[in-house]
Amino acid sequence: MRQDADTATERVEGKLTEDDVRRIVREEVEHAFKRDPAARRASIIASKGTLDWAYPPLILATTAAAAGMDTAVFFTFYGLSIIHKDFAKKLKVDPVGNPAMPMPMPIPDIVSSLPGMVPLASRMMRSRFATHNVATIGELLDAARDIGVRLIACRMTMEVFGYDEADFIDGVEFGGAAAFMSQARRSHVTMFI
Amino acid sequence: MRQDADTATERVEGKLTEDDVRRIVREEVEHAFKRDPAARRASIIASKGTLDWAYPPLILATTAAAAGMDTAVFFTFYGLSIIHKDFAKKLKVDPVGNPAMPMPMPIPDIVSSLPGMVPLASRMMRSRFATHNVATIGELLDAARDIGVRLIACRMTMEVFGYDEADFIDGVEFGGAAAFMSQARRSHVTMFI
Amino acid sequence: MRQDADTATERVEGKLTEDDVRRIVREEVEHAFKRDPAARRASIIASKGTLDWAYPPLILATTAAAAGMDTAVFFTFYGLSIIHKDFAKKLKVDPVGNPAMPMPMPIPDIVSSLPGMVPLASRMMRSRFATHNVATIGELLDAARDIGVRLIACRMTMEVFGYDEADFIDGVEFGGAAAFMSQARRSHVTMFI
């Protein structure tokens, strides 16, 4: 894309004009924007603690990291459940209040509210994902750590919810919103999930 | 803002110093950042499938496109309902679990859970939006396609939820999270809705 | 990091080659990307109107502003409740449909749906946050205004929900999605909460 530097040097040595310089600068800058460091970073907040909303942050984070991006997921509020040692038991899906959830038949909220419907909906979603070869949350967490995604638990929410460091899976870091923001401001991809 | 190039050329021909060059570069770079290509792209994920949450991705996407931005919306999870051929029937609003929804009178969840409340709340929201001249979801989808917003259905979720390409409105593309991420990483505006 | 400019000038006066210029440009551009103006802006949408989801936009916005970033929060849809004069009464938390909410004991949705559960859960969350010295919503709103966070109410939603300017706390601006987007497109941090 750029001219051969040696030839160019010979041609213009000692005679570069401001126009030459501006042309060179525009070439370099256009090239530099294609390598914008912010395009190589993704900063994701995972704030929800249901089985269905545990997938998007982990899928997007592993996708970003697989594309070579420096990726961090900040787990805060209910999202702490995703990296809790008992995530398999903690992550459930609740059909109440979500009429978009595909169910075998329409179920009014008064029925979805009955005891037993949350475990039933959770089992249904797990098996539906498994049938279609979607990785489980456990597999996605493993993949995220293998590929270098930083998993950061929000210290403030940990305190409020009464968790301590030992409650979380291996490899989790602990930090605050300020540290997360200092990475996010240098990232094009920033999402609150 | 920048000096007239011809005059400058005459003045300094053959005598550009490193200081001159640094000054030129800083001017050009400041100018270039104002035309940062990432400022011309918006990448939005639509993940919810209720009537109320169908508005924000379509309003924000058409707003971005109207401002000249290359805009893509990636429909995933429950968000697939928004671009389903039967979106008008599929998109409902559920007052349960959302005490912030403006209702004519306060209604406890036990009452909102009753059969009939979801269609009632959905009718109320549609009529309230229509009264205030807000475009319908159908109109927003038309506007989005007219103005060049790319509507992309998530292949993975389509499989999990048992949809195929024929289930979606005309003009929808089909793709995965990796393709979406390669656009998002070059976009300033990235949102998960 | 960069060479001393005076020394360099002396050495190369009148003899800058294209290679010299490209080296200078790359140094300047690398330096400029570290000061990318988009890294100094955060544009956040607050769309939810429950007590729990009122915290994240205010915490993230004050964190960004404290780090010196130009920060705007656009309150739309149910998010308008956060800046309503009666926010203290309007913001409640509803345990229905959120099995991740930490409750003293597991409560099935049919029980959480009963009248009285929303105020109970709201009181619980307020006291839990207070015990752990987390600022209240009122304190966070004050902090946001003190530190220069722009609080913008969405005019379209105000009309649909029947609010007028006098309904909101002091210091709120009023605007539309297009104005918000023109700031967001120049911001690295863009989040829909």
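How do H3(B) and H7(B) lie relative to each other, roughly parallel or oblique? Hold that thought for a minute, and let me set things up.

What you have on screen is a predicted model, where local features need pLDDT of at least 70, side-chain atom pairs count only at pLDDT 80 or more, and totals for chains, interfaces and linings use all residues. Residues are numbered from 1 along each chain as its sequence is written, while chains are lettered from A and ligands numbered from 1 in the order in which they are written.

Okay, chain A. You'll find nine helices and five strands there, where helices (H or I, at least four residues) and strands (E, at least two) are DSSP runs, numbered from the N terminus. Reading chain A from the N terminus, the order is α-α-β-α-β-α-α-α-α-β-α-β-α-β. Chain A has 193 residues, and 48% of them are buried. By that I mean 20 or more other C-beta atoms within 10 Å of the residue's own; 12 or fewer is exposed, anything in between is partly exposed, and C-beta atoms are placed from the backbone. Among contacts in chain A with a separation of 6 or more, 74% join residues 24 or more positions apart. A contact here means two C-beta atoms, placed from the backbone, within 7 Å.

Back to that opening question. In chain B, the axes of helix H3 (residues 51-66) and helix H7 (residues 137-146) come within 10 Å and cross at roughly 30°. So H3(B) and H7(B) are roughly parallel to each other. The cut-offs: angles under 35 degrees count as roughly parallel, over 145 as roughly antiparallel, 65 to 115 as roughly perpendicular, and the rest as oblique. Axes are lines fitted to C-alpha atoms, for helices over the stretch in contact, with angles from 0 to 180 degrees between N-to-C directions. The H3(B)–H7(B) crossing is left-handed, which means the near helix is turned anticlockwise from the far one by less than a right angle; clockwise would be right-handed. On the H3(B) side the contact uses B:Ala54, B:Leu58, B:Ile59, B:Ala61 and B:Thr62, and on the H7(B) side B:Ile137, B:Leu140, B:Leu141, B:Ala143 and B:Ala144. Sort those by class and you get nine nonpolar, one polar and no charged residues. For the classes, Ala, Val, Leu, Ile, Met, Phe, Trp, Tyr, Cys and Pro are nonpolar, Asp, Glu, Lys and Arg are charged, and the others, Gly among them, are polar.

Staying in chain B, look at B:Leu91, in the loop between H4 and helix H5 (109-112). B:Leu91 counts as buried, with 24 C-beta neighbours inside 10 Å. Ignoring residues up to four places away in sequence, B:Leu91 touches B:Gly49, B:Thr50, B:Leu51, B:Ala54, B:Ser81, B:Ile82 and B:Ile137.

Now, between chains. H2(A) and H2(B) have axes that come within 10 Å and cross at roughly 45°, and are therefore oblique to each other. H2(A) passes H2(B) in a right-handed crossing. Contact residues include A:Val21, A:Val25 and A:Val29 of H2(A), with B:Val21, B:Ile24 and B:Val25 among those of H2(B).

What about H2(B) and H2(C), what angle do they pack at? About 45°, with axes 10 Å apart, and that makes H2(B) oblique to H2(C). This crossing is right-handed.

A:Val21 sits in helix H2 (residues 18-34) of chain A. A:Val21 is buried, with 25 other C-beta atoms within 10 Å. Its contacts, leaving aside neighbours within four places in sequence, are A:Leu16, B:Leu16, B:Val21, B:Ile24 and C:Val21.

Next, the cores. A nonpolar core is a set of buried Ala, Val, Leu, Ile, Met, Phe, Trp, Tyr and Cys residues joined through C-beta atoms within 7 Å. The largest one has 132 residues, and A:Phe75, B:Phe75 and C:Phe75 touch the most other members. Apart from it there is another core, of 17 residues, including B:Ile24, B:Val25, C:Val25 and C:Val29.

Most residues other than glycine have a negative phi. A:Phe77 is in the loop between strand E2 (70-75) and helix H4 (87-90) of chain A, and is buried, with 23 other C-beta atoms within 10 Å. B:Phe77 also has a positive phi, of about 50°.
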